[in-house]
Amino acid sequence: MACISSRDPGKIVAARNGPGPVVVGFGSGESYLSSDITPLLAHTRRVAYLGEGEIAVLTAPEIRFSTFAGAPVEKAVDTLDWEPAMIEKRGFAHFMAKEIFEQADVVRDTLKSRVSLDSGRVFLDDLGIAPDVFREVSRVVLIACGTSYPAGLVGKYLLETLGRVPVEVEYASELRSRDFVMDRGTLVLGISQSGETADTLTALRLAREKARAVLAVTNNPRSSMARDADGVLDLHAGPEIGVAATKTFVGQLAALSLFALAFAQARGALSDEDSLALVQELQRVPLKMDRVLGGAAAVERAARRFLGCEHYLFLGRWINFPIALEGALKLKEISYTHAEGYAGGEMKHGPIALIDEGMTTLAIVPRDRVYDKMLSNIAEVKARSGRILAVAFEGDERARASAEEVFAIPETHQLFTPFLTVLPLQLFAYHSAAAKGFDVDQPRNLAKSVTVE
Ligand code: M6R
């Protein structure tokens, strides 16, 4: 809560009671108050965070802190390492477009100094918990909301395949209402770009009472979630201004890939040879992402061509099922178009009834372990006069023969295809919204971080 009195207009009094973040900024002869650090960047990089049960009294020359009972509180000033230039559009029409094109660099930064290309080892020294914890747990639970949820699902598939461990992914808002069973054999990861989502914070606080350890996978290592956690996996994605998450999603994929590799290595679940091959391929991913983004004009043309389409079904299987969810969410939230994300195998259990010439299916079909099954899905859609767009490997003639448009991606290891398949879907959503003249960076009814339940 923040208050200004008309009788004392040069003063702001702020108080925090609960998980919502309150940040103060120290300028020169100015003081600032915000619910996030990003808007402060244009004014100052010197900030402090209000704890629960604390009050800040801001005047232009100074900020004083106390408890609710009035006892003075000394606050350490934190200097942000994000540059003000990071929150400029740099020639792009929207922040979202700029952030989409930054994604290969985000993966490069997330991997930097954390992998050895000679041994294939992954080093998460900054995580802050001992690798022993990875050996001691028998289950991993990932907790998230919104776009962070499909990122968590990709993490689940990576951990299952590489770490051979049971994994669950939970919506924070659901988990906190359930009688969720958790014990000291459970490792919990909270996934949140902002680290301030109220539901995720509350669910993680409940988890802390029971689990072996709680880790925060976040783009804000100073967030409430990071401060509450036993360890932090920093995304290093830089500030994300567009309300629709793009580069932080890809940062989450990179962080979770590293986590899954480190987890598997600590448990001896992955051979040195496989580790090396995977790490070397992960290092090549950013270059391949740049190649996909180089084809953005084709996606823009397709988005314009399909502007009249009002219903979309996004289909993917296995590790690209979460990408179908994320592609549909992106299209919904910025272009206000009805879109559903489904697992390919579920199509015949309901959504198939919707398919006709008014429904476009966006099928994700890299040549992986579920490729043939996805081609069958496409054939079923075609037989019912549905329109088809596909994301497939370069040179895939079978996909090309089935779809009106194919967004081509370079080949990569099947576990890393989400880094590439998500890019055309983000671009498709972006160009659909931009062509309709919508406020891409600030879509209606949405906030960048949802700090209320
Ligand atoms: O900061 P978080 O990752 O916890 O945010 C979760 C969601 O609020 C967020 O992903 C939201 O769904 C975005 N608008 C997605 O683009």
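In the predicted model, N320 is in contact with I364, P366, D368, T417, P418 and T421, once its neighbours within four places in sequence are left aside. This asparagine is found in the loop between strand β14 (311–316) and helix α11 (321–335), and with a relative accessible area of 1% N320 is buried, because burial is assigned to values under 20%. The C-alpha atoms of N320 and G344 are separated by 9.7 Å, the two residues being 24 residues apart along the chain.

A helix pair was examined next. Helix α4 (residues 148–163) packs with helix α8 (residues 247–266) at an angle of about 20°, and the axes of the two helices lie 9 Å apart. Since angles under 35 degrees count as roughly parallel, α4 and α8 are therefore roughly parallel to each other, and α4 passes α8 in a right-handed crossing. On the α4 side the contact is made by S148, P150, A151, G152, V154, G155, L158, L159, L162 and G163, which meet F249, Q252, L253, L256, S257, F259, A260, L261, F263 and A264 in α8. The residues of this contact divide into 14 nonpolar and 6 polar, with no charged residue among them.

With regard to cysteine pairing, a search of the whole structure finds 0 disulfides.

Key
Residues numbered from 1 in each chain as written. Predicted model: local features only at pLDDT ≥ 70, side-chain atom pairs only at ≥ 80, totals over all residues. Heavy atoms only, no water. Axes fitted to C-alpha atoms, helices over the stretch in contact; angles between N-to-C directions. Helix = DSSP H or I, 4+ residues; strand = E, 2+ residues; numbered from the N terminus. Parallel < 35°, antiparallel > 145°, perpendicular 65-115°, else oblique. Left-handed = near helix turned anticlockwise from the far one by under 90°. Contact = heavy atoms within 4.5 Å. Nonpolar A, V, L, I, M, F, W, Y, C, P; charged D, E, K, R; others polar. Disulfide = S-S within 2.5 Å. Buried < 20%, exposed > 50% of the residue type's maximum accessible area, 1.4 Å probe, protein only.
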